Structure formats: structure tokens, C-alpha cells
Amino acid sequence: MRALWRGALDLIFPPQAIDGGAAMAGGLSAGAWSRIQWLDGPVCDGCGVPFEYELGVRCAACLARPRAFDRARAACLYDETSREPILKLKHADRTDLAPLFARWLGRAARELIAEADAIAPVPLHPSRLLSRRYNQAAEIARPLARMSGVAYLPDALVRRRATDTQGGKSGSGRKRNVAGAFEVPPGRGAQVAGKRVLLVDDVLTTGATAESCARALKSAGALRVDVAVVARVKEIAGLAI
Ligand SMILES: [Zn+2]
């Protein structure tokens with residue numbers, strides 16, 4: 001039993017954080033890692049928002065306005081604690097954190113992965129890729145595809161125009177910012193046509209980026225587009241229709 005528990009802990013936390021007690025991993029102490037709010041309970045099947053009680057299959061917002069993607073799952077809530085390692089992967093070259101996040105997604109999105117034909121990351125625009133040198137979503141998607149034995153499509157989807165950062169924008173501002181920003185390039189349609197695609201990103205806020213990607217994949221013939229992210233905000237602002 002102890003070995004089993006230990007195995008579960010290793011899956012979730014970097015082992016060095018557990019062993020060292022106060023040792024740091026991903027810039028977080030073991031105590032900080034333990035404050036991560038996992039979304040292990042009942043969630044909305046559409047957007048992955050945690051339910052206080054099991055209320056039904058989809059939340060009111062998803063019932064009122066179905067999303068362009070089919071289902072979304074997040075490993076944890078995006079808050080002060082989870083924000084730190086996520087931003088480190090995004091902006092501080094901490095690509096060593098990506099396999100850990102991939103394991104989190106492997107657990108949180110296991111139902112979606114089991115039904116996926118292919119895994120694709122939300123792409124960066126080439127100019128941003130050049131300055132950052134890596135796409136954090138791809139860093140997570142690649143090991144996730146490898147460990148789950150699902151085909152990996154690193155370039156099925158491209159960002160055809162450089163968009164402003166989504167940070168600080170309202171829900172409708174975010175939607176306008178990414179509308180039509182993504183496409184499946186001519187010649188790559190066969191990679192997604194008739195496929196169930198799992199789209200991977202680091203954070204889900206309003207869902208505007210994921211929806212824009214899902215529309216592009218579906219117009220190229222994808223049968224279904226699910227979304228798996230490391231963290232999501234608890235309440236999606238700007239959902240009013
Ligand atoms: Zn929902």
C-alpha cells in the first residue's frame with residue numbers, strides 16, 4: 001500500500017520535492033506543490049469546470065453556448081500556486097517541467113486520450129517561436145503522445161498571424177484577437193480529416209484560443225476536437241451570451 005501511494009506521489013510531484021521535504025522543485029517547495037488544487041472531482045464534460053456537486057453532465061454556460069471544441073479537461077486550477085511553474089515553463093526555459101505536466105494531463109484527460117487518434121499542440125506564431133525557441137504546448141504534447149501511444153502531430157495546425165498576448169483582454173477581446181488566427185495548412189488536411197484530435201495547451205482561460213484552433217481543425221475535417229490543459233481558471237469570465 002505504501003509503495004502504491006509512493007508511486008502515485010511520484011507521478012504527481014517531482015520526486016526530489018518529496019525526498020527533500022523542503023527541497024525545491026520547479027521553484028516550488030514540497031509544501032507549495034501540495035497546495036495545487038487538483039481537479040479530480042466531478043467536472044463539466046464540456047469545459048472541465050469543477051462542480052461543487054454532481055449537477056449534470058454540462059454546466060449552464062456550456063448548455064447555453066456549446067463550445068467549438070467537444071470536451072476539455074484540466075489537471076488543476078490556475079491560481080497563485082500553479083501559475084508559478086506554468087510561467088516558468090513558458091518564459092524561463094524550464095522545459096524540464098514539461099514531462100511532469102504531461103503526466104498530469106495523462107491522468108486528468110485519460111478518457112479523452114483513450115478516444116484520441118492524434119495529439120496536437122496549440123501552435124505559436126513562427127516569430128514568437130524564434131524568440132522563445134520552443135513552444136511550451138508542444139513540450140507538453142510530445143511526451144504526452146509518446147507515453148500514451150497516440151500519434152503526435154506537431155505541425156498539423158499553424159498560427160497564420162502573430163496575435164497579441166491574450167493577457168489583460170476581456171472575453172470578447174480575446175475572441176477577436178484569435179479569430180481566424182489558426183489553420184491547417186494545405187497539404188496537411190489528411191493528418192486530421194476524419195480524426196479525433198486532442199489539442200494540448202498550458203492554460204485555459206476563456207477558451208477563445210482553444211475554440212479558434214478547434215474551428216480550424218474541424219473545417220479541415222477533424223471528427224472531434226477535445227482539449228487538455230495543465231490548468232484552467234475556476235470561472236470563465238465573459239461567458240455571457
Ligand atoms: Zn462547462
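## The zinc site

Donors are N, O and S atoms within 2.8 Å of the metal, and in this predicted model the zinc ion has four protein donors by that rule, namely the SG atoms of Cys44, Cys47, Cys59 and Cys62, which lie 2.3 to 2.4 Å from the ion. The angles among these 4 donor atoms run from 105 to 114°, and the site of the zinc ion is tetrahedral.

Along the chain, the donors of the zinc ion follow the spacing C-x2-C-x11-C-x2-C. Buried means under 20% relative accessible area, and Cys44 counts as buried because its relative accessibility is 0%. Cys47, with a relative accessible area of 4%, is buried as well.

## Strand S3 and its sheet

Strand S3 covers residues 71-77 and is mostly covered, with 7 of its 7 residues buried. The strand belongs to an open sheet of 5 strands, in which the order is S3-S9-S8-S4-S5 and the pairing is parallel. The edge strands of this sheet are S3 and strand S5 (151-152), each of which pairs on one side only.

Strand S3 is joined by 6 bridges to strand S9 (residues 224-232), and the two run parallel. Within this pairing, Arg73 stands opposite Ala228 of S9, while Cys76 has Ala231 as its bridge partner in S9.

## Helix H5

Helix H5 takes in residues 80-91, and its 12 residues should span 16 Å at 1.5 Å a residue, which agrees with the 16 Å between its end C-alpha atoms. The buried residues of the helix are Thr81, Ser82, Pro85, Ile86 and Leu89. Seen down the axis of H5, these buried residues fall within an arc of 115°, so they line one face of the helix. An α-helix has 3.6 residues a turn, so residues three or four places apart point the same way. On the other side of H5, by contrast, Glu80 and His91 are exposed.

The N-terminal end of H5 is capped by Asp79, which has a side-chain oxygen 3.0 Å from the backbone nitrogen of Thr81. Thr81 itself has its place in helix H5 and is buried, because its relative accessible area is 12% and the cut-off for buried is under 20%. After the helix comes Asp93, a residue whose phi is positive, near 60°.

## The loop that holds His125

His125 is found in the loop between strand S4 (118-121) and helix H8 (126-132), and strand S4 is one of the strands in the order S3-S9-S8-S4-S5. At 19% relative accessibility, His125 counts as buried, because the cut-off is under 20%.

His125 can also be placed relative to Val158: the two residues are 33 residues apart in sequence, and their C-alpha atoms are 7.3 Å apart in space.

Notes: Residues numbered from 1 in each chain as written. Predicted model: local features only at pLDDT ≥ 70, side-chain atom pairs only at ≥ 80, totals over all residues. Heavy atoms only, no water. Donors = N, O, S within 2.8 Å, 3.2 Å for Na, K, Ca; no water. Tetrahedral: all angles 85-135°; square planar, octahedral: opposite > 155°, others 65-115°. Buried < 20%, exposed > 50% of the residue type's maximum accessible area, 1.4 Å probe, protein only. Helix = DSSP H or I, 4+ residues; strand = E, 2+ residues; numbered from the N terminus. Expected span 1.5 Å × (residues − 1). Arc of directions from axis to C-beta. Polar contact = N/O pair within 3.5 Å; in protein donor to acceptor, adjacent residues only side chain to side chain. Pairing = 2+ DSSP bridges.
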